Amino acid sequence: MSERVKIHSDGACSGNPGPGGWGAIIEHNGKRTELKGGEQLTTNNRMELTGAIMALESLPANCNADVYTDSQYVRGGITGWIKNWNRNGWKTADKKPVKNVELWQRLEKAASAHKVEWHWLKGHAGHAENERADELAREGMAPFLK
C-alpha cells in the first residue's frame, strides 16, 4: 500500500456492563470507510478493543497503519502490557487472569499482520475523526438500548 492507513477507533457503553457499541474510521488513499457494531451486554473496554480489532481485520495484509484511540487501556495494553501477559501465560503481574483475554489475543493477531503505530488521543477534545468514531460507536449501540 502506498500511503499509511489511518484508523480511528472508539467504543461506548451504556452502563458498564450494559449495551455497547464500537466504531472505526479507516482512511487510505483518499478513501474513507466507516465501520460500526454493538452488543447487548458488554463493557466499555471490550468495545474499545473490538473497534480496533474490526478495523485491523478489515485491512489486506502488510499495511502500514496508524491507529488512533482515546483508550489508554487499548494503547497501553497493546504497546506494553501484552508482552508480560504473553510471558506470564496470560496472567497479570498479580497472577490473575487477564480480562478480555480472547479480545487481546485477537487484537495481537490482527496487529501482527501489519506494521502498526499506536497513538492516544484525548477523547471528547474536538478531534473530528475521534468524535466521528464515538458517534459510530453510539450508533452501533443504539439497537440494543431499550
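## Gly77 and its surroundings

Setting aside residues up to four places away in sequence, G77 touches Q72, I82, W85 and W104, where contact means heavy atoms within 4.5 Å. G77 belongs to helix α2, residues 72-87, and is buried, its relative accessible area being 0%; buried stands for under 20% relative accessible area, exposed for over 50% and partly exposed for what lies in between, with a 1.4 Å probe and protein chains only. Helices (H or I, at least four residues) and strands (E, at least two) are DSSP runs, numbered from the N terminus.

This is a predicted model, in which local features need pLDDT of at least 70 and side-chain atom pairs count only at pLDDT 80 or more, while totals for chains, interfaces and linings use all residues. Residues are numbered from 1 along each chain as its sequence is written, and side-chain values use heavy atoms, with hydrogens and water left out.

The buried residues of α3 are L103, W104, L107, A110 and A111. Seen down the axis of α3, these buried residues fall within an arc of 130 degrees, so they line one face of the helix; the arc is that of the directions from the helix axis to the C-beta atoms. They pack against α1 (44-57), α2 and β5 (115-120), whereas K109 and S112, on the other side of α3, are exposed.

W104 has contacts that include L49, Y73, G77 and W90. The largest nonpolar core has 27 residues, of which I7, L49, L56, L59, W104, L107 and W118 touch the most other members; such a core is a set of buried Ala, Val, Leu, Ile, Met, Phe, Trp, Tyr and Cys residues joined through side-chain atoms within 4.5 Å.

## The sheet and the helices across it

An open sheet of five strands has the order β3-β2-β1-β4-β5, with mixed pairing, two strands being paired if DSSP finds at least two bridges between them. Its edge strands are β3 (31-42) and β5, each of which pairs on one side only. Between β2 and β3 the pairing is antiparallel, over 10 bridges, and A24 stands opposite L35 in β3.

α1 lies across β1, β2, β3, β4 and β5 and runs at about 155 degrees to β1, while α2 lies across β4 and β5 and runs at about 140 degrees to β5. For these angles, axes are lines fitted to C-alpha atoms, for helices over the stretch in contact, and angles run from 0 to 180 degrees between N-to-C directions.
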